[in-house]
Amino acid sequence: ISTKGWTLEQLIEKSPNFLSVDRVRFDDPKLMQTIRSHEDSGAPLIIEGFHEHDSWPVDLFTLDWLEEHGKPGASARNVRTWADFDLPLSELIHKLRATPIYAHENETERLYGKDAECPHEWATWLSTSNVLPSDLLPHGTNDYLQYLPVSSDVQTLMCYLGVGDTFTPFHKDLCASSGQNLMCYTENGGSSFWFMTESSAAPAMAEFFQTMNEELDFETHVVTLKELGQSGLKIYIAEQTIGDLVLVPPRSCHQVINNGGITMKTSWSRMTLKGLSNSLYHELPVYHRVCRPETYKVKLNIYRAL
């Protein structure tokens, strides 16, 4: 799959079930009201413009800063072979900068730096800058993961480095958690295209995958635009650019395809009360069926929260 020639407007027009993701500015007076209405409906939302905030850390959110101050090692996936391997962060950055922005038919390597531990300085900025709403922060006012004991704490704050035509296959965030993904930095017009369902569509999308002899919870199938159109489900599409915070609803099935130059994102998951309930009754039975570890210790989380 390639983003060559894609624009958001043209993608929306490709099928009647394709819709654009709603957007709201970070300084909109009705921001919290908009967030809550989308949480209630299970629809995705993008909060835009954070890079225009006076407290946006321009010097912190750069590749050069990450190379100098971040952990020296990195984990990458070659999206051509699905092979995961470790390499020095400096080498990954060099390879990404040397990679053409569009894939070509005979290439054997296209790397996506994924699931890297977020630098401590970034985590500190998120929690102390008062730029993002406290309800959306990791271990913030609406994150039940904060009640897990230290010995069972889960690390959800991650960093991602991508270049055009690298991707994350169709999947759901773990255990009906709520996803947050902030585009921190780009080079050469980098962006990311998101394809998302609303929360309630998860069972129908799982059934649609089975008609293609695929299993949604194996996270191995990259869905084509034609398949998304054939699903008949509402597919919300967005192009994420610098300063955009994508809010991914619990159980939302989604796929991300990077576009253009390098993109640097940080993401984290929150567990809401509704997410814990959905996980216990809907997601854990699926995990048992496909033999997948739950990671987020849902029953312990419920117990400790009570």
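The largest pocket in this predicted model has a volume of about 770 Å³. A pocket here is an open set of points on a 1 Å grid over the protein atoms alone, where a 1.4 Å probe fits, with protein on both sides within 12 Å along at least five of seven lines; lining residues have an atom within 4 Å of a point. The volume is the space filled by probe spheres set on the points, which are joined across faces, edges and corners. Of its 32 lining residues, Asp115, Tyr160, Thr168, His171 and Asp173 are the closest to the centre.

Let us move on to the second largest pocket, which holds about 410 Å³ of space. Its lining has 26 residues, and Glu39, Ser178, Pro249, Pro250 and Lys274 lie nearest its centre.

Now for the salt bridges, each a side-chain nitrogen of Lys or Arg within 4 Å of a carboxyl oxygen of Asp or Glu. The count comes to 20. In one of them, glutamate 48 pairs with arginine 23, with the closest N and O atoms 2.8 Å apart. Glutamate 48 sits in strand β3 and arginine 23 in strand β2, so the pair ties together parts 25 residues apart in sequence; strands are DSSP runs (E, at least two residues), numbered from the N terminus. Glutamate 48 is partly exposed at 25% relative accessibility, and arginine 23 is partly exposed at 36% (buried is under 20%, exposed over 50%, partly exposed in between, with a 1.4 Å probe and protein chains only).

Residues are numbered from 1 along each chain as its sequence is written. Local features need pLDDT of at least 70, side-chain atom pairs count only at pLDDT 80 or more, totals for chains, interfaces and linings use all residues, and side-chain values use heavy atoms, leaving out hydrogens and water.

Key. Helix = DSSP H or I, 4+ residues; strand = E, 2+ residues; numbered from the N terminus.
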